[in-house]
Amino acid sequence: MKSKRKKSGSIKAGWPKTVDPSSYFDERKDDLVECIRQLVEIESPSDNKQAADRLGAFLAEKFEALGGKPRFHKSASVGDHLQVDFAGRRGDNPVLLLGHFDTVYPLGTLANMPCQVSEGRLWGPGVLDMKSGIALMLTAIDVLRASHSDLPHSITVLLVSDEEVGSDSSRHITESLAKQSAAVLVLEPSYGLHGAVKTARKGVGEYIVKVTGKAAHSGLDFEKGASAIVEMAKQITNISQMIDMKRGLTLNVGLVQGGTRVNVIPAEATAVLDVRIAKMKDATAIDRKLRALKPFNRKCRLEIDGGMNRPPMERTAGVATLFEKASEIAKRLGWKLEEAAVGGGSDGNLTAGLGIPTLDGLGGVGEGAHATHESILVSELPRRAALVTGLIEEIWRTSL
Ligand SMILES: [Zn+2]
């Protein structure tokens with residue numbers, strides 16, 4: 001890539017020849033804000049199919065207006081997942097722009113969290129995670145179309161509606177499209193207020209531990225009972241000892257339930273665990289350890305269910321190359337792009353897990369994802385748009 005680049009220091013190198021990114025993307029800032037506002041104001045909680053479908057239909061129209069061919073992957077339980085194909089002149093592997101349009105916010109959240117601009121930020125439910133990312137996709141495609149009469153290479157957009165609830169229904173679509181792609185750019189929020197992209201993400205799993213003991217009257221028959229809660233307490237201590245911070249391996253017992261009445265020795269207790277791994281090979285090890293748990297009290301029975309949901313996104317050579325390309329583009333724009341390894345998973349984990357070069361966290365810059373102060377920095381929008389546009393061009397130019 002370096003050898004091909006002109007030494008002139010021309011800021012235009014690496015993206016559409018006719019585009020001067022320093023002013024071009026600045027001029028689009030207000031349109032971007034308006035587009036994000038439209039998307040935020042169509043609420044789309046993961047668990048409300050009707051609401052999510054409303055936004056899906058709106059997005060399909062937006063992408064179609066840019067020349068894309070939308071199609072829905074139907075789902076009975078969650079919103080239909082939206083795929084949009086932009087065919088290039090050459091029939092080579094597309095760049096996959098990946099994201100989701102569901103949010104964690106229930107319908108009606110806008111009443112208390114209105115979408116508005118103040119203090120240089122745009123605020124609102126899902127503005128960072130990840131409706132600004134979708135608006136950046138639209139802008140990048142629009143710019144690429146404006147600077148080429150036809151797109152020279154293909155782009156596929158995949159926006160799923162169940163990312164916030166584990167991507168069960170969309171996973172196979174994401175994986176099959178990734179396998180046909182040259183690279184995957186994930187427009188999830190960037191990391192921190194400097195806008196670092198994500199080059200490593202932890203893998204995520206969920207396990208359910210169920211203890212069955214023996215009920216008895218706590219006054220009359222104390223010795224006949226076997227407390228599932230006491231057993232669970234010991235198991236939780238045991239599970240906590242599996243944590244290995246140095247390896248990036250964490251287990252969080254996030255939910256515990258048990259018992260029926262205060263004067264009954266509890267016959268049942270359940271715990272739900274969130275497991276995070278930084279390395280793929282820890283998946284089998286931790287699975288084996290959890291399934292090998294034995295009851296301390298022989299009158300109690302243990303059942304372990306669950307498994308890893310998303311593999312870790314490791315910083316492979318393909319990931320590193322994409323990051324280098326992105327850093328070069330940022331440098332030409334006069335800023336330094338940082339990278340980060342984070343604990344949260346996304347659908348980028350799925351595509352990276354298949355060995356497809358993936359760069360995540362290319363979306364909006366802000367803070368407060370999933371929280372009442374969710375917001376993005378408006379001033380960062382132009383250069384994020386320039387970065388995504390330039391990166392698509394760069395992938396087309398160098399790896400196809
Ligand atoms: Zn997200």
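Axes here are lines fitted to C-alpha atoms, for helices over the stretch in contact, and angles run from 0 to 180 degrees between N-to-C directions. Helices (H or I, at least four residues) and strands (E, at least two) are DSSP runs, numbered from the N terminus.

The model is predicted, so local features need pLDDT of at least 70 and side-chain atom pairs count only at pLDDT 80 or more, while totals for chains, interfaces and linings use all residues. Residues are numbered from 1 along each chain as its sequence is written, and side-chain values use heavy atoms, with hydrogens and water left out.

I start with the helix pair. Helix H3, residues 49–65, packs with helix H4, residues 127–147, at an angle of about 15 degrees, and their axes are 10 Å apart. That makes H3 roughly parallel to H4, a term for angles under 35 degrees; over 145 is roughly antiparallel, 65 to 115 roughly perpendicular, and the rest oblique. The crossing of the two is right-handed, meaning that the near helix is turned clockwise from the far one by less than a right angle.

Which residues of H3 and H4 make the contact? From H3 they are Leu 55, Leu 59, Lys 62, Phe 63 and Ala 65, and from H4 they are Lys 131, Ile 134, Met 137, Leu 138, Ile 141 and Arg 145, contact being heavy atoms within 4.5 Å. By class that gives eight nonpolar, no polar and three charged residues.

Next, the zinc ion. Its protein donors are His 100 through NE2, Asp 129 through OD and Glu 188 through OE, at 1.9 to 2.1 Å. Donors are N, O and S atoms within 2.8 Å of the metal (3.2 Å for Na, K and Ca), and water is not among the atoms, so sites may look incomplete. Along the chain the donors follow the spacing H-x28-D-x58-E. His 100 lies in strand E3, residues 95–100, and Asp 129 in helix H4, so this pair ties together parts 29 residues apart in sequence.

His 100 is buried at 0% relative accessibility; buried means under 20% relative accessible area, exposed over 50%, and partly exposed in between, with a 1.4 Å probe and protein chains only. Asp 129 is buried too, at 8%. The peptide bond from Asp 129 to Met 130 is cis, with omega near -10 degrees, and Met 130 also lies in H4.

Technical notes. Ala, Val, Leu, Ile, Met, Phe, Trp, Tyr, Cys and Pro count as nonpolar, Asp, Glu, Lys and Arg as charged, and the others, Gly among them, as polar.
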